[in-house]
Structure formats: C-alpha cells, structure tokens
Amino acid sequence: MGEREQARHWRYAELPGVDLLRARYIRHAFPQHTHDGFVLGAITGGIEEVRLPGGLVRVGPGGVVMINPDVAHTARAGTPEGWAYHVLYADAAMVADIAAETPGTRGAAWFRESVVDDREAARLILAVHRAAERGNALAADTMLRATVTRLLRGYGGAHPRRTEHGAGARTAARAREVLESRMAAPPTLTSLAAELGTSPFALLRAFRAAYGMPPHAWLTDARVRCARTLLEDGTPPAETAALVGFTDQPHLGRHFTRIVGVPPGAYRRERSTARGRT
C-alpha cells in the first residue's frame with residue numbers, strides 16, 4: 001500500500017446531499033465522533049478497525065461499513081500498512097427518499113448491520129467515486145441510487161425507536177442544549193451539573209448513555225460539525241476557529257483533521273472548487 005497517507009474529502013455538485021472521501025491512512029486514527037447522515041464505506045486495501053457501540057470490528061478489502069446517523073464510533077488502522085477506502089457520506093433525507101422508492105423496504109431508512117462482506121456493493125461505491133471524478137453526472141447519480149438501494153434491500157430495516165423518557169435522558173438533552181448554545185464558552189462539568197440540578201457523575205453517566213460519549217468529546221465533535229458548515233460557506237479557518245470555540249486556528253486544525261480526515265484548509269478549498277463548478 002506504500003507509506004504515504006493521502007486523502008481527498010470533497011463534494012460533487014451534481015450529487016447533492018453526498019460528501020465523498022477517498023483516502024489511505026496509516027497512522028491516522030479517528031477519535032470518537034458521529035455523523036448527521038449515513039456513512040457507507042468500501043475498503044479497498046489493508047484493514048480498518050472500527051469501534052462501534054456493539055464492539056470492535058475489523059474490515060478488509062471487499063467489506064462495506066455502514067454507520068447510521070448519530071452513532072458514536074472510532075476508526076484506525078488494523079495493520080501496520082494501514083487501510084484504504086472510498087466513502088460516501090449520505091444525507092439522511094436523501095437515503096430516506098431512496099428508501100421510500102425502494103420496494104421491499106419498510107419503515108424509516110436504517111441499517112441493521114454495520115459491516116458486511118459484499119463485493120458488489122463495494123464495487124458500486126467505487127463506481128460512484130469514479131463517475132464523480134470524471135464529471136459523469138448521470139452515471140454518478142445512477143450508481144449512487146443503485147448502491148443505496150442494494151444496501152437497503154440487503155441490510156436495511158426500520159429505525160429502532162429509542163425510549164428517552166427517563167430523568168437521565170431529559171438531563172442529557174438539557175445538557176446538550178446548553179452546550180450547543182454556549183459552544184464558544186461552555187461551562188465546566190461541575191457547573192453544568194449544578195445548573196441542571198444533578199451531580200457531575202450522574203450527568204456524565206446520563207450523557208454517555210444518551211449520546212455514546214462524554215460531554216467534552218461530544219462538544220469537540222459538535223464544534224467540528226459547526227466548523228464544517230462555516231468553512232463550506234467560505235469562512236476563513238481562523239475566523240471559524242473563534243466562532244466555534246477553539247483557541248486558535250492550529251487548535252481547530254488538530255481536531256478538524258482528526259475527525260474529518262483532512263485539514264480545514266483543504267476541506268474549504270474543495271468546497272470552493274465545487275461551488276465554482278455549479
């Protein structure tokens with residue numbers, strides 16, 4: 001696989017609602033984070049290790065990783081040579097629209113399995129990338145719909161309804177609202193717990209149960225998601241860092257690169273290029 005890491009995280013204007021990542025990672029490790037939409041990744045080389053709520057999974061060539069929205073997970077190389085993959089980050093509404101048009105699927109779009117050995121699905125994901133890179137809008141859209149349809153028919157199901165009526169769930173939701181509203185100047189765990197009328201330990205436990213990670217990790221992830229939106233709108237990285245609560249541009253850069261897989265400057269340039277082509 002070679003020794004050099006490389007990644008391109010971009011958007012093809014003719015595929016609205018989809019981000020594309022083509023990468024080879026060796027030392028890079030993704031910390032615990034979530035996505036607003038679906039992650040559909042085809043492994044093309046090496047081994048990727050993904051830690052999900054159900055445990056650690058290892059995926060090799062021909063394997064497809066499917067991660068539902070808001071599921072906390074990590075990813076890293078499972079072998080010294082690293083791993084290579086092509087990923088589709090698909091908007092939840094777009095996947096739901098395809099599900100609604102797909103015979104044999106019931107309920108909201110959701111994947112009941114996280115990892116499958118499906119070489120045809122992997123081939124389709126690569127085909128989406130290749131068509132987009134060639135500027136073939138018709139083929140890219142066709143392959144995208146074929147990919148999502150195949151995965152939904154084979155591994156889809158109804159969205160499991162979570163029960164969030166307990167006191168702990170309500171406390172976690174309130175804590176999340178506070179962190180979102182004070183992203184640039186968040187309270188300490190002790191202050192937040194006191195404000196919500198609970199103890200730091202109880203708040204930490206409730207937040208982990210609701211969102212799969214502690215409040216500080218969730219806040220970093222939320223800041224990066226917000227930074228992505230600002231960068232997509234053309235906001236310079238230094239200004240973006242200040243707006244979302246990072247100390248400075250290098251601070252943003254470290255966390256952004258770890259979670260997104262590319263530096264904020266490269267991410268912004270790709271979006272600027274995509275806008276220029278529309």
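Q: Contact means heavy atoms within 4.5 Å of each other. Among contacts in the chain between residues at least 6 apart in sequence, what percentage join residues at least 24 apart?
A: The share is 70%. This is a predicted model, in which local features need pLDDT of at least 70 and side-chain atom pairs count only at pLDDT 80 or more, while totals for chains, interfaces and linings use all residues. Residues are numbered from 1 along each chain as its sequence is written, and side-chain values use heavy atoms, with hydrogens and water left out.

Q: Why does the radius of gyration of the chain agree with that of a compact globule?
A: The radius is taken over C-alpha atoms, and the globule rule is 2.2 Å times the number of residues to the power 0.38. For 278 residues, that puts a compact globule near 19 Å; the chain has 19 Å, so the two agree. The C-alpha trace spans about 55 × 40 × 40 Å along its principal axes.

Q: What percentage of the residues count as buried?
A: Buried means under 20% relative accessible area, exposed over 50%, and partly exposed in between (1.4 Å probe, protein chains only). By that cut-off, 48% of the 278 residues are buried.

Q: What counts as a helix or a strand here?
A: Both are DSSP runs, numbered from the N terminus: helices are H or I with at least four residues, strands are E with at least two. The chain has 10 helices and 10 strands.

Q: What makes E5 and E6 a pair?
A: Two strands pair if DSSP finds at least two bridges between them. Strand E5 (residues 48-52) and strand E6 (residues 55-59) have 5 bridges, so they pair, in the antiparallel sense. With 2 residues between them, E5 and E6 form a hairpin.

Q: Which strands join E8 (residues 73-77), and over how many bridges?
A: E3 is joined to E8 by 2 bridges, running antiparallel. There, His33 stands opposite His73. E5 and E8 pair over 4 bridges, also in the antiparallel sense. Arg51 faces Thr74 in E8.

Q: What is the strand order of the open sheet, and which strands are its edges?
A: The 4 strands run E3-E8-E5-E6, with antiparallel pairing. E3 (30-33) and E6 are called edge strands: each pairs on one side only. From one strand to the next, the twist averages 20 degrees. Axes are lines fitted to C-alpha atoms, and angles run from 0 to 180 degrees between N-to-C directions.
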